[in-house]
Amino acid sequence: SIFHSSSTDFSVFFLCSSLNLNCFFIFFSTFSFFFSTYYFAYSPHQLQSDFWYYRFLRSRNAYIKVEHGSETTNPEKQFYQRLLRNLKNHPIESNNTQIRIERERIRSEKTVIRRLVLGLMGAAGSKLEKALGDQFPEGERYFGFENFGNTCYCNSVLQALYFCVPFREQLLEYYTSNKSVADSEENLMTCLADLFSQISSQKKKTGVIAPKRFVQRLKKQNELFRSYMHQDAHEFLNYLLNEVVDILEKEAKATTKPERETSSSSSPEKIANGPKAPLANGVHKEPVVTWVHNIFQGILTNETRCLRCETVTARDETFLDLSLDIEQNSSITSCLKNFSSTETLHAEDKFFCDKCCSLQEAQKRMKIKKPPHILVIHLKRFKYMEQLGRYKKLSYRVVFPLELKLSNTVEPYTDVEYSLFAVVVHVGSGPNHGHYVSLVKSHNHWLFFDDENVEMIEESAVQTFFGSSQEYSSNTDHGYILFYESLGPTTK
């Protein structure tokens, strides 16, 4: 209950007339709501004002109307969605006794709110089916993911990967051919494959799935994701892809090891992707190329030109995603140009030229030697500010086009064109708190995934996630990770 008092005060209050009781109850609830909303509106304790707002509405039985589907309005629905998201993603951490008491009360209310919101999600699912109608893609499934406290970073990335068709197809093929192995040897990849299989095999077209097994395995395997702190979606994506690569490489080595033992040592093996890498003992090790590499991996070339002898030294390195520095009121195209801009090495940064056998001034630049089939671009929105002694979120407006042409490539990959199909969005004003959602393009329709909630949006709505043109803005929904698919061949 909202009203708490000693036994004496409660007795006196109980003797009041029902009219006075109701008046006092409504006055106290109203005062709590407006005071907390004003005091906490733009503070880290936004959760508390949301909580009091919920209790105020509950005292007036407004939540019953929403729960039973009567007099439901979009503002009410949006409020409860935001409230559940706050309850899950912004746990109050404080030694203050009153705040800890409030936190316990909030936890006690989660079950009621969760039932309320999930009921609304079911209505949203049927609404999505009605919106698509006959245009609902054959065999496609649109399912939201349950949030387990702070797993929005995981949910948003998984939705982007699920609608990355080459990745999904390869993973489901792996699951089909390794079902017996998956049952006995669980790892992060088998849990992910099982989750994708659950979605694709659902009888319903829309709904909500709990990725409990995957999240449990993730937390068991990496302590970084065990806490209820706000996590970074890009770190999770990097960890997941590299983990899948490691698993595939180990399985490939385990499969090829018996073949190598039986094969003749005098017959050299041919390698599809270049020369063999020599080891210290003179034995050549064949690099393993997995289907993850075929989908996401590109090659960068770092060219350094000595300004004395004009000798160009090139060094290649692979990447699974590109991390780009951003500027205010810029675009992905300009960020890519800055990424490949020429830098002069001088003074303490001079380059050691092998031909001159000394340190020399030089110019270097980074270009894309081989573009990937799926280009993942990470916008560096979190920057460490030395004067503040902490990280700050850059809310800069960075335009990301629906169709992208890469210009910083080398021959023969000139002007490779890409199409945007997914965006992971960070919602919030800082790096240590907030929320993640994802935008996905599926069969020419754009969808908005917010944990359990799945909605259809217009293509024009994507531009609202470019960022803020001013430093201080009420818009905190900013594109963070972009997924582009090549429109042409990337292997020549």
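Reply: Tyr-162 comes out at 1% relative accessibility, so it counts as buried (that means under 20% relative accessible area; exposed is over 50%, partly exposed in between, with a 1.4 Å probe and protein chains only). Phe-163, at 5%, counts as buried too. Bear in mind that this is a predicted model, where local features need pLDDT of at least 70, side-chain atom pairs count only at pLDDT 80 or more, and totals for chains, interfaces and linings use all residues. Residues are numbered from 1 along each chain as its sequence is written, and side-chain values use heavy atoms, with hydrogens and water left out.

Searching the whole structure turns up 18 aromatic pairs (rings of Phe, Tyr and Trp, the last by its six-membered ring, with centres within 6.5 Å; planes under 30 degrees apart are stacked, over 60 edge-to-face, the rest tilted). Tyr-162 and Phe-163 have ring centres 5.2 Å apart and planes at 85 degrees, so they're edge-to-face. Phe-167 and Phe-296 are edge-to-face as well, because their planes sit at 65 degrees, with the centres 5.9 Å apart. Phe-167 is in helix 8 (residues 165–177) and Phe-296 in helix 13 (residues 291–296), so this pair ties together parts 129 residues apart in sequence (helices are DSSP runs of H or I, at least four residues, numbered from the N terminus). Both Phe-167 and Phe-296 are buried.

Lys-205 lies over the face of Phe-136, 5.0 Å from the ring centre.

Terms used
Helix = DSSP H or I, 4+ residues; strand = E, 2+ residues; numbered from the N terminus. Lys NZ or Arg CZ within 6 Å of the ring centre and 35° of its normal.
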